[in-house]
Amino acid sequence: MKKRFVPLLSLCCLTLIAGCNNEPTSLSSVFSFEESSESQESHPSRIDAQKLVSDRALVKWEGRYEYKLGDLNTPTMVYLYHTATGFSIDFYGTSLTVGFYHYLNEKETTDIYYDFALDEETLPNPVEGRRFSLSKDKMGEEITLINGLKEGHHHLKCLKMNEAIDAYTGITSFQTDGYFYYRDEIEDTPRLKFLAVCASGGSGFGSLGYSTVSKTAITKTRANSSSLHAFNYLTARRFAADIHFVATSGWGVHYPENHAIPEILDYCGNTPKNSVSAAQKTGKWDPKNYVPDVILFNIGGNDTGNASFDVNIYKESVVQMVNKLRGYYPKAKMLWTHTGSKAGGYAINALTQSQAISDGYVTEVVVPNVGEGETGEGTYGASNHASLKTHLDIEHILVDTLQTKFHYQPTVDDISFEQFESFLDQ
């Protein structure tokens with residue numbers, strides 16, 4: 001399957017030329033060094049500019065992305081908006097250096113975090129030194145993620161741990177002392193694909209905080225937040241699946257009206273301006289670019305807490321959102337997760353009345369609340385959000401549902417709380 005390449009529209013600053021074009025590929029290495037009969041010249045040692053999204057792909061972009069030409073002040077790059085966006089890449093050599101763009105407005109005071117896995121490692125990665133941050137004091141920097149490797153074929157996957165509202169981030173270049181391999185889309189395509197539509201609970205708000213004292217003993221920071229340690233990503237991980245997020249803390253199905261997730265489903269991302277209007281200034285997203293097998297919903301709590309909340313409008317909005325995605329992806333399995341909350345009850349009632357549940361398009365899954373769960377009872381993350389233990393408990397429920405109801409078989413071993421205990425903000 002050949003990648004779609006959108007022709008150059010303009011040479012104006014930040015012109016979109018291949019915005020939001022994303023094709024699923026696998027984690028596996030795609031061409032071995034011995035298999036390549038092409039000259040080294042045809043396998044570049046540096047990837048930048050149009051090579052970032054060339055017709056013959058060198059990079060698998062993880063999650064929704066947008067490619068824009070730069071201007072005098074901003075480099076040409078691939079923008080990575082939502083949490084768990086990033087890249088997978090294969091190279092021959094001993095090192096990999098990546099150019100990152102990182103824009104923080106004057107109100108921002110902390111760094112933003114990424115995590116990467118090398119070769120047979122997986123994300124989230126318990127190996128010391130794999131998690132790193134982009135400095136709040138630098139707009140652009142080239143970071144050597146790894147060096148001193150045994151010369152040979154290596155695979156590296158790198159994902160953002162924080163949310164779109166935390167900062168603009170992007171990738172400007174890749175450099176190795178050897179050369180990069182081209183992706184093989186025929187080999188890569190068969191993987192399962194998940195879509196997570198959620199707010200803070202599913203995007204890892206405070207998931208690396210840990211307290212047995214109270215729900216608010218630890219305050220949420222970027223350092224103690226990670227979607228890679230939250231149940232949506234952990235569930236997809238068990239099936240070696242790709243996952244895309246359309247997710248922002250504080251957002252709902254309809255309320256607040258300037259923070260309504262359905263209004264940005266057709267766009268590449270959100271921004272630090274944190275509004276529907278700002279998100280709709282990112283590139284348009286073609287739903288055909290990524291067709292999920294499973295859609296995980298965890299959203300609605302921000303609606304019911306809003307002063308303008310109207311239960312009938314909320315219920316209508318739930319059905320409209322589900323029907324929109326059902327129109328895009330009629331074969332997708334949809335799991336509506338909730339903690340037994342009012343928001344969850346209203347949503348399930350609306351989906352029952354619309355026959356989405358009886359028709360088999362939506363499955364209700366009740367999950368543990370903050371401080372609850374088989375192992376997470378009495379443990380808390382940061383700022384009244386779930387701890388890693390509760391996230392693992394929820395993951396186990398979702399994996400079991402997908403296994404028993406839909407016969408998906410997990411292929412990746414689970415992480416353990418103990419692996420990441422030293423990473424936690426306690």
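Mentor: Happy to. The protein has 7 helices and 17 strands, and please keep in mind that this is a predicted model. Of its 426 residues, 58% count as buried. The accessible surface amounts to about 17100 Å², and carbon and sulfur atoms hold 48% of that. If you take the contacts between residues at least 6 apart in sequence, 77% of them join residues at least 24 apart.

Now to the sheet you asked about. Five strands make up this open sheet, and reading across it gives the order S14-S13-S15-S16-S17, with parallel pairing. The edges are strand S14 (242-247) and strand S17 (362-366); each has a single partner strand, so one side of each is left without a neighbour in the sheet. On average, neighbouring strands here are turned by 20° against each other, direction ignored.

Let's zoom in on one pair inside the sheet. Strand S15, residues 294-298, pairs with strand S16, residues 333-338, in the parallel sense over 4 bridges.

Next come the helices. Helix H2, residues 231-238, lies across strand S13 (193-198) as well as S14, S15 and S16, and runs at about 165° to S14. Helix H7, residues 388-406, lies across S13, S15, S16 and S17, running at about 145° to S17.

These two helices also meet each other. The axes of H2 and H7 come within 9 Å and cross at roughly 45°. An angle over 145 degrees would count as roughly antiparallel and one under 35 as roughly parallel, while 65 to 115 would be roughly perpendicular; H2 and H7 are therefore oblique to each other. Their crossing is right-handed. To find the contact on your screen, look on the H2 side for Phe 231, Leu 234, Thr 235 and Arg 238. They meet a set of H7 residues, among them His 391, Leu 392, Glu 395 and Leu 402.

One last stop is helix H1, which spans residues 185-188 and includes Glu 185. Is Glu 185 buried or exposed? Its relative accessibility is 10%, and buried means under 20%, so Glu 185 counts as buried. The C-alpha atom of Glu 185 is separated by 9.7 Å from that of Arg 56, although the two residues are 129 residues apart along the chain.

Technical notes. Residues numbered from 1 in each chain as written. Predicted model: local features only at pLDDT ≥ 70, side-chain atom pairs only at ≥ 80, totals over all residues. Heavy atoms only, no water. Buried < 20%, exposed > 50% of the residue type's maximum accessible area, 1.4 Å probe, protein only. Contact = heavy atoms within 4.5 Å. Areas by Shrake-Rupley, 256 points an atom, 1.4 Å probe, with all protein chains shown as cover. Pairing = 2+ DSSP bridges. Axes fitted to C-alpha atoms, helices over the stretch in contact; angles between N-to-C directions. Left-handed = near helix turned anticlockwise from the far one by under 90°.
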